[in-house]
Amino acid sequence: MENGDIPDSQLSASSEVNVHHGAVNARLNFRGQGSRVGAWCGHNDLKQWLEVNFVLQATVTDILTQGRFRHNQWVTKYTVSYSNDGLNFFDYRVNGVVKVFDGNRNRNGIVSNSLSPVILTKHIRIHPKKYYGYTCMRVDFRGCLKEWPCEARPCRNAGTCFDFRGHYRCACAKGWGGKNCEQNIDDPCDPTPCRNGGTCLAYRGHYRCACGEGWAGKNCEQNVGTSEKDLGLLVIHESLFNIQI
């Protein structure tokens, strides 16, 4: 977390004192920036948690914690839970008993706790159980990712996949674009610009739309209503129904 490999969007918490005390401040050795304080700080009811979403399955071997920068506020005891779907979390246990970890005793000292057994997970939560001053902390993890996104070969049409901080990016071959190189950017009809059932006809990098009956415009976006021929038939049918006997 400290090195920025995990983006802010993957950090969350059950609560925060205010917008200046959010989960994005929970990176180890973060000293505050602007109005942001030097730690995540949640409510003091001991029902709070700080969550990190690894996105990919990771092996977590160690947890590192700190208190709040420049303030005498830190977590002294905490438990851990983990999940692979982000919905169903399980307490970390040793020999069937929920493990309570020793936290910090000052602001900036780093306390490292090794996990035995290690945790294989996509989501991990830290649950403060005791605190000094306020429920504030900074954290980091040691371990490694078990999956690499490029192993699934997401890039199509001869695109090249690059692993990037737990995510992937596709370098697309000429003529292709989109996240997975799925869009033919040289074909003006892919995706079709023609609306309302119109048929796209490509020609030398340009296109024309063959519109269905009742539609007109470059992309068949204009409802021109019923044709004159149909209107004439409608008048005839109405006159038949109005015949007096």
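A residue counts as exposed when its relative accessible area is over 50%. In this predicted model, Ala158 has a relative accessible area of 68% and is therefore exposed. Its backbone is worth a look as well: Ala158 is not a glycine, yet its phi is positive, at about 70°. The residue is found in the loop between strand 10 and strand 11. Asn157 has its place in the loop between strand 10 (136-145) and strand 11 (160-164), and this non-glycine residue likewise has a positive phi, near 55°. With a relative accessibility of 33%, Asn157 is classed as partly exposed. As a reminder, most residues other than glycine have a negative phi, and most peptide bonds are trans.

The bond from Ser116 to Pro117 is cis, with omega near 10°, and Pro117 belongs to strand 9 (residues 111-132). A cis bond also links Asp190 to Pro191, here with omega near 0°; Pro191 is found in the loop between strand 14 (183-184) and strand 15 (199-203).

Turning to the aromatic side chains, a search of the whole structure finds five aromatic pairs. One of them joins Tyr82 and Phe90, whose ring centres are 6.3 Å apart and whose planes meet at 45°, so the pair is tilted. Tyr82 is partly exposed, at 26% relative accessibility. Tyr78, Tyr92 and Phe101 come together in one aromatic cluster. Phe101 also has a charged neighbour: Lys99 lies over the face of its ring, 5.7 Å from the centre. Over the face of Phe89 lies Arg125, at 3.8 Å from the ring centre.

Notes. Residues numbered from 1 in each chain as written. Predicted model: local features only at pLDDT ≥ 70, side-chain atom pairs only at ≥ 80, totals over all residues. Heavy atoms only, no water. Phe/Tyr/Trp six-rings, centres within 6.5 Å; stacked < 30°, edge-to-face > 60°. Buried < 20%, exposed > 50% of the residue type's maximum accessible area, 1.4 Å probe, protein only. Lys NZ or Arg CZ within 6 Å of the ring centre and 35° of its normal. Helix = DSSP H or I, 4+ residues; strand = E, 2+ residues; numbered from the N terminus.
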